[in-house]
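Subject: Handover of a structure, with notes

Dear colleague,

I am passing a structure on to you, and I would be grateful if you could look through it alongside the notes in this message. The sequence and the structure come first.

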Amino acid sequence: MPDIPVGSQIFDLAFHPTHSTVYTGLLNGKVKAFRYDEQGQHEESFVLRPSKRSCRCLDTSEDGSHLWATGKAKAIFTIDTTTGTVIETRKNAHDSPVNRIKRLMPHMLGTGDDDGVIKLWDPRKSNPIRGYTHHYDFISDFLWLDDKKQLITTSGDGTLSVIDVRGKKPEPVAQSEDQEDELLSIVAIRSGSKVVVGTQTGILSVFNRSRGWGDCVDRVPGHPQSIDALCTLPSSYPSSDSTILTGSSDGLLRAVQLFPTKLLGVVADHGSFPIERIAVDLGGEGRWVGSAGHDDTLKMTDLRVIFEDEEGEEAVDKSENVQASDMDPQEPDGTVVETQAPPEGTAVVIEASDSDEDAQDSHSPREKKRKSKSSKNALAVRSKKARNQIDADPSFFQGL
């Protein structure tokens, strides 16, 4: 599909759960919706500007009839996706700009802001259900575990926390040790038994739910720069239970298999522009993966072309999947092969704005922290190691 120009930096994207429609939240405060078809043709569905301040995050209701948008304005806007109009505004929902929003259940939303405050909302009520203040730096990502009704949060303070939304105490049920790195993204694999976290230094940290949330059990190096976005593959693909899509500051959207670790290929290339968000359409089970960075365009990549081009490749994926399943899913020791990244690149941050406030928001906490730490070696030996961390050997991303 040709790139979709949106005219401003994209902070977040969300797909309609059942229709071929994608929504984008922009630096200039606009929300733009685009319809697309199987042939890759697209057209603008609607555009509105609920606030002059940047729209950082989006999510849809379970049936796709409503879209929630929030960001630097600190308000939560409810948009009717049929008419493309704002039908409700919750002003001053947070005291700081909101970084993430996620639908947890049909009548529950979660939001996290720049100061680490997390709030749970019932869309039918005006006031929050509960608030949490155990993080002291920006909330970077959310993961919802439906089996336990738990919300997993990652933060720039270097910790991961677990919130039981059924509890009434304003504190998490678990929080990890300081990982000595900013945690930027999170995704579940192996039917939710393991959780993978992307970090500022380009390391994938693997947590095992059966061993608790205190510390990661594996660290997989290889990415030359920060891993800002993670996403799973549709379940129809043979290696989907251990393969993830990673969006990095070096502008590459990669398909990476874990257990054993293997780079399957580059899915999309944003040039020198960092990738901030990635998502798969139709509730994560569709054909198209959308990726957005600082280049003012939305890339839509056909996963069928990438993963179903040759039948032989699928056979290899199945074989590798069987090898991974032979190992104890609760004992990942020895499952990570030695890897190393090429010389690190330099992330380029574009300042695109409609106003001074937009320009300030283009350097949100994520961007400012990335600039200050970009000189770190992604494979540098750290003072604190997980028990399964390994030394590296050239091969992983060589030549990319």
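Below are some notes on what was found.

The model is a predicted one, in which local features need pLDDT of at least 70 and side-chain atom pairs count only at pLDDT 80 or more, while totals for chains, interfaces and linings use all residues. Residues are numbered from 1 along each chain as its sequence is written, and side-chain values use heavy atoms, with hydrogens and water left out.

Overall picture

The protein holds five helices and 28 strands, where helices (H or I, at least four residues) and strands (E, at least two) are DSSP runs numbered from the N terminus. Of its 400 residues, 58% are buried, a word that stands here for under 20% relative accessible area, with exposed meaning over 50% and partly exposed lying in between (1.4 Å probe, protein chains only). If one takes the contacts (heavy atoms within 4.5 Å) between residues at least 6 apart in sequence, 52% of them join residues at least 24 apart.

Ile189 stands opposite Lys194 of β19, and the two strands form a hairpin with four residues between them, where Arg190 in the turn has a positive phi of about 50°.

Ser193 is found in the loop between these two strands and counts as buried because its relative accessibility is 18%. Its side chain reaches the backbone oxygen of Arg190 at 2.8 Å, which falls under the heading of a polar contact (a pair of N or O atoms within 3.5 Å; within protein, one must be able to donate a hydrogen and the other to accept it, and residues adjacent in sequence count only if both atoms are side-chain atoms). Leaving aside neighbours within four places in sequence, Ser193 is in contact with Phe207, Asn208 and Arg209.

Lys194 lies over the face of Phe259, at 5.6 Å from the ring centre; a charge sits over a ring if NZ of Lys or CZ of Arg is within 6 Å of the ring centre and within 35 degrees of the ring normal.

The largest nonpolar core

A nonpolar core is a set of buried Ala, Val, Leu, Ile, Met, Phe, Trp, Tyr and Cys residues joined through side-chain atoms within 4.5 Å. The largest one has 15 residues, of which Leu245, Leu253, Ile278, Val289, Leu303 and Phe307 touch the most other members. Two or more residues of this core come from each of β22 (227–232), β24 (252–257), β25 (262–269), β26 (275–280) and α2 (303–307), and β26 gives the largest share, three residues. In soluble globular proteins, nonpolar side chains tend to be buried together.

Cys231 has its place in strand β22 and is buried, with a relative accessible area of 11%. Although Cys231 and Val187 are 44 residues apart along the chain, their C-alpha atoms are separated by 6.2 Å. Beyond neighbours within four places in sequence, the contacts of Cys231 include Val187, Leu245 and Ile278.

Aromatic pairs

There are four aromatic pairs in the structure, a pair being counted when rings of Phe, Tyr and Trp (its six-membered ring) have centres within 6.5 Å, with planes under 30 degrees apart called stacked, over 60 edge-to-face and the rest tilted. One of them is the tilted pair of Tyr23 and Phe46, at 6.1 Å centre to centre and 40° between the planes. Tyr23 lies in strand β3 (residues 21–26) and Phe46 in strand β5 (residues 42–48), so this pair ties together parts that are 23 residues apart in sequence. Both Tyr23 and Phe46 are buried.

The rings of Tyr237 and Phe307 have their centres 5.5 Å apart and their planes at 50°, so this pair is tilted. Tyr237 lies in the loop between β22 and β23 (243–248) and Phe307 in helix α2, so the pair ties together parts that are 70 residues apart in sequence.

With kind regards

Notes. Pairing = 2+ DSSP bridges.
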